[in-house]
Amino acid sequence: MKTAVTYMRMSTDQQEHSIDSQERLIKAYAKQNQYTIIHNYIDEGISGRSAEKRPQFLQMIDDSAKGEFEYVLIYDSSRFARNLEQSLVYKSILRKNGVELV
């Protein structure tokens with residue numbers, strides 16, 4: 001099995017994909033592709049424009065250096081980052097820590 005965490009974000013309650021919906025889809029994907037989810041990082045009611053305002057996102061990035069998981073599962077790339085520059089920076093940090101974004 002592949003060890004993974006999830007990252008889910010929803011900026012408002014009016015968004016199309018709720019945390020529950022994201023979690024359901026990610027868990028189905030994980031089961032189908034033999035990932036073991038060990039932790040969920042969730043930023044609810046927070047915009048994706050700035051990583052500095054997403055405490056669970058930053059915790060996930062910090063935790064990636066501990067070697068406890070190999071993958072971060074997300075619903076789609078807009079949940080990870082809205083800013084291309086930040087997306088590249090944080091994907092690079094994950095890669096450096098041996099973690100792949102799926």
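Colleague: What do the buried residues of α4 pack against?

Modeller: They pack against α2 (55-63), β3 (71-73) and α3 (77-80). Please keep in mind that this is a predicted model.

Colleague: Which residues of α4 are the buried ones?

Modeller: Q86, S87, Y90 and L94 are the buried residues of α4. They lie on the same side of α4, because the arc they cover around the axis is only 100°.

Colleague: And which exposed residues does the face turned away from that buried side carry?

Modeller: That face of α4 carries L84, E85, L88, R95 and K96, which are exposed.

Colleague: How far apart are the end C-alpha atoms of α4, and what span should its residues give?

Modeller: Helix α4 covers residues 84-96, and its end C-alpha atoms are 18 Å apart. That agrees with expectation, because 13 residues at 1.5 Å a residue should span 18 Å.

Colleague: What is found at the start of α4, around N83?

Modeller: A side-chain oxygen of N83 comes to within 2.8 Å of the backbone nitrogen of E85 there. Beyond the helix, α4 is followed by G98, which has a positive phi, near 80°.

Colleague: What is the relative accessibility of Q86?

Modeller: Q86 also lies in helix α4 and is at 14%, so Q86 counts as buried. The C-alpha atoms of Q86 and I74 are separated by 16 Å, and the two residues are 12 apart along the chain.

Colleague: Back to the neighbours of α4. At what angle do α2 and α4 pack?

Modeller: The angle is about 30°, and the axes of α2 and α4 are 9 Å apart. On the α2 side the contact is made by F57, L58 and I61, and on the α4 side by Y90, I93 and L94.

Colleague: Now α1, please. Which of its residues are buried?

Modeller: I19, S21, Q22, I26 and A30 are buried in α1. Their arc around the axis is only 165°, which puts them on the same side of α1. On the other side of α1, the exposed residues are D20, R24, K31 and Q32.

Colleague: What do the buried residues of α1 pack against?

Modeller: They pack against β1 (2-10), β2, β3 and α3.

Colleague: How far does α1 reach from its first C-alpha to its last?

Modeller: The 14 residues of α1 reach 20 Å, close to the 20 Å expected at 1.5 Å a residue.

Colleague: I also noted E23. Where is E23, and which residues does E23 touch?

Modeller: E23 is in helix α1. Leaving out residues up to four places away in sequence, E23 touches M8 and N40. E23 and Y75 are 52 residues apart along the chain, and their C-alpha atoms are separated by 8.0 Å.

Colleague: What is the phi of Q34?

Modeller: Phi of Q34 is near 60°, a positive value in a residue other than glycine. Most residues other than glycine have a negative phi.

Colleague: Is Q34 buried or exposed?

Modeller: Q34 is exposed, because its relative accessible area of 51% is over 50%.

Note on methods
Residues numbered from 1 in each chain as written. Predicted model: local features only at pLDDT ≥ 70, side-chain atom pairs only at ≥ 80, totals over all residues. Heavy atoms only, no water. Helix = DSSP H or I, 4+ residues; strand = E, 2+ residues; numbered from the N terminus. Expected span 1.5 Å × (residues − 1). Buried < 20%, exposed > 50% of the residue type's maximum accessible area, 1.4 Å probe, protein only. Arc of directions from axis to C-beta. Contact = heavy atoms within 4.5 Å. Polar contact = N/O pair within 3.5 Å; in protein donor to acceptor, adjacent residues only side chain to side chain. Axes fitted to C-alpha atoms, helices over the stretch in contact; angles between N-to-C directions.
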